[in-house]
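Keep the structure open beside the text and follow along.

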Amino acid sequence: MPQRKTLVSIVIFLVIGLHAVPVLYRSERGTLWPFMQWAMYKNSRKPGPIDTRQRRLLAISSKGATDTVTPHLVGLSITVLRQRYLVPIGTGDLSPAPELIDRLNRHRGDPVVELRLESETYTITDTGITRTDDPVVTYRAEVPGSR
Amino acid sequence: MSAGSMSRWVDRWNAYWFPPTPTLHLAICRVIAVAAQLLWFFPDLEEHRNLLRKNPDFIEPQLLVRAISAIIPREWLFTPDAFTVLYWVTIVAGVAALVGLFTRTSLFVFALGTWIFVAHLFSYGDRHHTEALFCIFLMLLALAPSGERLSVDAAIRRRRPLPNDAGGPSDTSDMAIWPLKVVHVLIAATYFSAGMSKLLHSGTRWLNGYTLQGHTFGDALERGHPAGIWLAQQHELAVALSFFTILLEVFFFVSLFLPRLAPLFFLGALGFQIGLYVSAGYDFFQHMVLLTLLLFFLYPAWWQSRLAK
């Protein structure tokens, strides 16, 4: 029994102690699951109007079919989809659009030829919530032989 | 350090982690945790097959995935077909762990399979906190006598005791509480980390109400949680809940030193997690299950005494 307690004590030390690794070892912080850093929702907000932006990225195929670009459709996590594509395209940077179209077209017969980002901003006001539609951002792929 | 003082520390350590405890409690924890993982939190096979089909490489492979890839070629295990096999092996192990057949082995295989699925899901540039502590708890159950009761193993041992196992399965064990105690420490550490990172990164500005309103508004709107949309418009309430959040996260560790008050902390944390889900869809269901287990089985005297009255 004392030997078993010693072994379990080592396990206890390891399980608790390994949680310090992502805190101390910054470069590998995101890849040590289930030992994680727990800094969640740490950012704060200045006093002022509360607003939020809702975005939808639509993919339009050569035959006119429209699909919403979801993590499942593109085979990426929501975080990567947001960081790599939604945020840059939402700010008018269309440079990641060809890569996204390329990715979407890997597994489909009817190719995507256009991306359209629609978004709206919701703001809390004294009288309730207001909605403002943002300008639509469109990217159209160059189809070979279309010139 | 003298031998006497060393011995006192060992005694204290043993008294904290290894007090004699009913094995029934750990068995109930096993049944609840395995059932929850099997029926509620089990991986979505299609999600994994989709990731494997659409990504020739991992984006940010987790340590476990890297370790497996170093031993087994990627094209052997990390394929849609191999993951389908792994999925069913994990389910079979889970059912065996639930009924307590070859309990330690089946729990280990079940926990390992679950770890592989979660580590794989988080190897594409995204990771979440909800699964981590629960998966650790599943693995700890495999190292503890969680099959001493409510199990096929125990029934077999009662019918056909082994020569060196005269008493059959035991009703109490000094190895039957440490997994819950580890979870208690880990929850305290993770809450403390979450609370302190808010204070160190944002200072007291995190308590201004606007921060909580902003976080809640965006997520509640996206996930369709009307309670959160309403909460985001209540500034004074948001200030009060911000204080509650920081106080709970930073001071939850006090429950480690005050066992009599620990159930109140568990209830507070349970309410906190439920509130986060209702308001903005932060689905820490695994934490809710763990907190419920702590509430009923870490210091059971508090509810047993109330029932006895």
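## Contacts, rings and a pocket

Setting aside neighbours within four places in sequence, A:Asp134 is in contact with A:Arg53, A:Ser119, A:Glu120 and A:Thr121. Please keep in mind that this is a predicted model. To find A:Asp134 on screen, go to the loop between strand S4 (128–133) and strand S5 (137–140) of chain A. One of its contacts, A:Thr121, is 13 residues away along the chain, and the two C-alpha atoms are separated by 6.9 Å. Is A:Asp134 buried or exposed? A:Asp134 counts as buried because its relative accessibility is 16%, and the cut-off for buried is under 20%.

### Chain B in outline

Now let us turn to the other chain. Chain B has 16 helices and two strands, and its C-alpha trace spans about 70 × 55 × 45 Å along the principal axes. Of the 309 residues in chain B, 54% are buried. If you take the contacts in chain B between residues at least 6 apart in sequence, 77% of them join residues at least 24 apart.

Beyond the neighbours within four places in sequence, B:Val65 is in contact with B:Phe58, B:Phe78, B:Ala119, B:His120 and B:Ser123. B:Phe122 is 57 residues from B:Val65 in sequence, with 9.6 Å from C-alpha to C-alpha.

### Aromatic rings

How many aromatic pairs does a search of the whole structure find? Over all chains, the search finds 26.

| Aromatic pair | Centre to centre | Angle between planes | Arrangement |
|---|---|---|---|
| B:Phe41 and B:Phe134 | 5.3 Å | 80° | edge-to-face |
| B:Phe78 and B:Phe83 | 5.7 Å | 40° | tilted |

The pair of B:Phe41 and B:Phe134 links distant parts of the chain, 93 residues apart. B:Phe41 is in the loop between helix H2 (23–39) and helix H3 (45–54) of chain B, while B:Phe134 is in helix H8 (residues 132–142) of chain B. Both B:Phe41 and B:Phe134 are buried. B:Phe78 and B:Phe83 are buried too.

B:Phe78 and B:Phe83 also belong to a cluster linked by ring pairs, together with B:Phe42, B:Phe58, B:Tyr87, B:Trp88, B:Phe110, B:Phe117 and B:Tyr124. Charged side chains come into the picture as well. B:Arg74 lies over the face of B:Phe58, at 4.3 Å from the ring centre. B:Lys198 lies over the face of B:Trp206, at 5.3 Å from the ring centre.

### The second largest pocket

Our last stop is a pocket. The second largest pocket holds about 520 Å³ of space. Its lining has 30 residues, and the closest to the pocket centre are B:Leu212, B:Thr245, B:Phe272, B:Leu276 and B:Tyr282. Which elements give two or more residues to this lining? They are helix H10 (178–202), helix H11 (210–223), helix H12 (226–231), helix H13 (235–251) and helix H14 (262–280) of chain B. H14(B) gives the most, with eight residues.

Notes
Residues are numbered from 1 along each chain as its sequence is written. Chains are lettered from A and ligands numbered from 1 in the order in which they are written. Side-chain values use heavy atoms; hydrogens and water are left out. Rings of Phe, Tyr and Trp (its six-membered ring) pair if their centres lie within 6.5 Å; planes under 30 degrees apart count as stacked, over 60 as edge-to-face and the rest as tilted. Helices (H or I, at least four residues) and strands (E, at least two) are DSSP runs, numbered from the N terminus. Buried means under 20% relative accessible area, exposed over 50%, partly exposed in between (1.4 Å probe, protein chains only). A charge sits over a ring if NZ of Lys or CZ of Arg is within 6 Å of the ring centre and within 35 degrees of the ring normal. On a 1 Å grid over the protein atoms alone, a cavity is a set of points where a 1.4 Å probe fits but cannot get out, and a pocket is an open set with protein on both sides within 12 Å along at least five of seven lines; lining residues have an atom within 4 Å of a point. Grid points are joined across faces, edges and corners, and a volume is the space filled by probe spheres set on the points. Contact means heavy atoms within 4.5 Å.
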